[in-house]
Amino acid sequence: MTDHPSSLQPLRVGVVGLGYAGRTHLESYLQLPDAHVIALADPDPERLSSLGKIHDIPHLYQDHQEILTREDLDAVSVCTPNHLHAPVAIAALERGRHVLCEKPLARSGPEAEAIVQTAIQAGRVLKVAFNHRARADVAALKHYIETGGLGHIYYAKAYWLRRSGIPGLGSWFTNKEMAGGGPLIDLGVHVLDMALYLLGEPQALMVSAAIYAELGPRGRGGSRADKMMVGSDYQVEDLASAFIRLAGGTTLTLETSWATYRRANDEFGVTLYGNEGGAEIRVVNYVREDTLRIYTDVAGLPTELAPQLPRGDGYGHSQVVREFVDTVRSGDWSAHVGRDGLARARIIDACYASALQGREVLLCDLVSASQT
Ligand SMILES: NC(=O)c1ccc[n+]([C@@H]2O[C@H](COP(=O)([O-])OP(=O)(O)OC[C@H]3O[C@@H](n4cnc5c(N)ncnc54)[C@H](O)[C@@H]3O)[C@@H](O)[C@H]2O)c1
């Protein structure tokens, strides 16, 4: 592993964890001529050998610690269940590998902080796979906001709601120790990321949140998702709602559920209200087209714009992987140490703390308490 990989050498990559996320990373790397997946790791022997065979990957490991001992790896994608993000990412960074970590960066702010600090000390890239930020609707809206189209944005809503979308009753997702939380940390982190990115990364100051577990513990709301089953009982929330005060006075509501009695199966989006215009991204059942609306005045008349967006690759993973490879190959690494992932983890910590305590929580109190 050299400090500045030659632009002639493809990046040598290992993928750790081969569920939905790992397979998506693998397929994204395989599209790139300047990345070469040389190793895979997953404790599931059938999954490991079949993916290795299909894609002709030479080095296969059932133990994630073994893949990290390879001297020839430049970068690692961490696509394991959440409780393994920190140990795998930290071990990889300490060995000088660059890391693309699935969301959430970690189960908690302090865990995320430990990964970010390791990336800084190691002088390596740490990116979090916030793939929905790479969507074409988000990119178009970001551009519109930057040209002043919405003016001052004072209120925002971010939501991801499912009717029956618990990712496998009994899977690791429903185990508090392994997942860190329920839909808030799983889906909420995506739309929180979309909103904060569109708003220009304002600091979160205060959170008031509530969480509920009404359907999951009664065996309702499960989906047929193919997830790693661990026989867990239902230990996390199935719905969360939060009110977040941001620096500059903007407020953000965040609403997320895996299971709740509502209409559509799966719907997520972000709504922004500015003093020159408003905007909505609304994605129902993962539809790819016609997801962005902009509201403004034309000649003093209320006007609705429906930008014609490029279809893109769907959920943005291939762009995230492309950007990660480009960043590593650029040699310009110091700005890419996962700070966005840490900021989201701290807000989610504050949401859980607020829900537990039944009161508003100041982010600065929470961060200083975790540092003492
Ligand atoms: N960005 C997205 O859109 C997106 C979508 C799905 C999942 N994710 C994230 O990806 C991660 C994995 O989720 P998933 O849906 O792929 O889960 P999954 O249950 O489908 O797959 C997890 C995989 O990790 C493997 N694994 C378990 N322990 C391991 C270890 N010690 N070393 C290596 N592999 C190990 C399992 O055998 C399984 O193959 C989670 O952090 C999740 O939040 C992100």
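Predicted model: local features only at pLDDT ≥ 70, side-chain atom pairs only at ≥ 80, totals over all residues.
Residues are numbered from 1 along each chain as its sequence is written, and side-chain values use heavy atoms, with hydrogens and water left out. Local features need pLDDT of at least 70 and side-chain atom pairs count only at pLDDT 80 or more, while totals for chains, interfaces and linings use all residues.

Six aromatic pairs are found in a search of the whole structure; rings of Phe, Tyr and Trp (its six-membered ring) pair if their centres lie within 6.5 Å, and planes under 30 degrees apart count as stacked, over 60 as edge-to-face and the rest as tilted. Trp160 and Phe268 form a stacked pair, with 4.1 Å between centres and 25 degrees between planes. Trp160 belongs to strand E7 (residues 153-162) and Phe268 to strand E11 (residues 266-274), 108 residues apart; strands (E, at least two residues) are DSSP runs numbered from the N terminus. Both Trp160 and Phe268 are buried, meaning under 20% relative accessible area, with exposed over 50% and partly exposed in between (1.4 Å probe, protein chains only).

Phe268 also pairs edge-to-face with Tyr286, at 6.3 Å centre to centre and 65 degrees between the planes. Tyr286 lies in the loop between strand E12 (278-284) and strand E13 (292-298), so this pair ties together parts 18 residues apart in sequence. Phe268 has 0% relative accessibility, whereas Tyr286 is partly exposed at 27%.

The charged end of Lys176 is placed over the ring of Tyr352, 4.7 Å from its centre, and that of Arg344 over the ring of Phe130, 5.7 Å from its centre.

Terms used
Helix = DSSP H or I, 4+ residues; strand = E, 2+ residues; numbered from the N terminus. Lys NZ or Arg CZ within 6 Å of the ring centre and 35° of its normal.
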